[in-house]
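Subject: Structure handover

Hello,

Here is the structure for you to look through. My notes follow below it.

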Amino acid sequence: MLTKKLLAVSLSFCLLLAGCTSKKTESPGGTGALPGETVETKLLSFSATEFSFTDTPVGEISPGKDQRLLVVKVEVKNTSGQEITVYFDDFELEAGEEKRFPEFPQTPENIAEETILKNRDTLSGTLLFLVPAKTKEARLLYDEYFEGDLKGESYWVTLNLE
């Protein structure tokens with residue numbers, strides 16, 4: 001009997017640990033993940049597959065004094081069941097209290113200003129953000145909006161920039 005209780009307690013503890021080590025986070029109004037993980041929304045799924053800083057200007061975009069240019073490679077898949085339009089500025093970078101829209105240089109690697117995705121199609125490319133040099137953590141943010149500017153959930157990928 002004692003062995004069964006110990007086994008049950010051990011199993012419960014393992015399940016608790018498994019739940020606590022999950023990388024995806026959910027909070028009221030949103031869901032977050034880490035780089036490489038996929039975030040599922042009502043219309044699409046996305047992930048930040050890679051991110052890095054560059055000192056090299058991209059198009060006409062280059063970091064100013066006390067700034068760094070963050071390059072985030074993303075993959076976006078249409079899971080809505082219908083054709084949707086994805087805009088490069090559907091994504092923002094949240095660093096502290098500040099939100100930034102991506103810069104838009106005309107390069108082949110960058111996500112286009114507007115892309116029509118058929119159902120199940122995937123879009124891959126980069127987003128560029130100018131961030132303060134002291135930024136240690138940021139979130140790549142996608143907010144759902146529906147007809148009539150009705151705001152849905154928020155989704156993000158947390159980026160450790162140290």
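Two strands count as paired if DSSP finds at least two bridges between them. Keep that in mind for the sheet. Note too that this is a predicted model.

**The sheet**

Four strands form an open sheet. Their order is S3-S4-S5-S10, and the pairing is antiparallel. Which strands stand at the edges? They are strand S3 (39-40) and strand S10 (122-132). Each has a single partner strand, so one side of each is left without a neighbour in the sheet.

Now look at S3 and S4. They pair in the antiparallel sense over two bridges. That meets the cut-off of at least two bridges. Find glutamate 40 as well: opposite this residue stands serine 45 in S4.

**Two aspartates in loops**

Start with aspartate 66. Where does aspartate 66 lie? Look in the loop between strand S4 (44-54) and strand S5 (67-78). Is aspartate 66 buried or exposed? Its relative accessible area is 57%. Exposed means over 50%, so aspartate 66 is exposed.

Next comes aspartate 149. This residue sits in the loop between strand S11 (137-146) and strand S12 (150-160). Phi of aspartate 149 is near 60°, again a positive value in a residue other than glycine. Relative accessibility is 65% for aspartate 149, so this residue counts as exposed too.

Best wishes

Terms used: Residues are numbered from 1 along each chain as its sequence is written. This is a predicted model: local features need pLDDT of at least 70, side-chain atom pairs count only at pLDDT 80 or more; totals for chains, interfaces and linings use all residues. Side-chain values use heavy atoms; hydrogens and water are left out. Buried means under 20% relative accessible area, exposed over 50%, partly exposed in between (1.4 Å probe, protein chains only).
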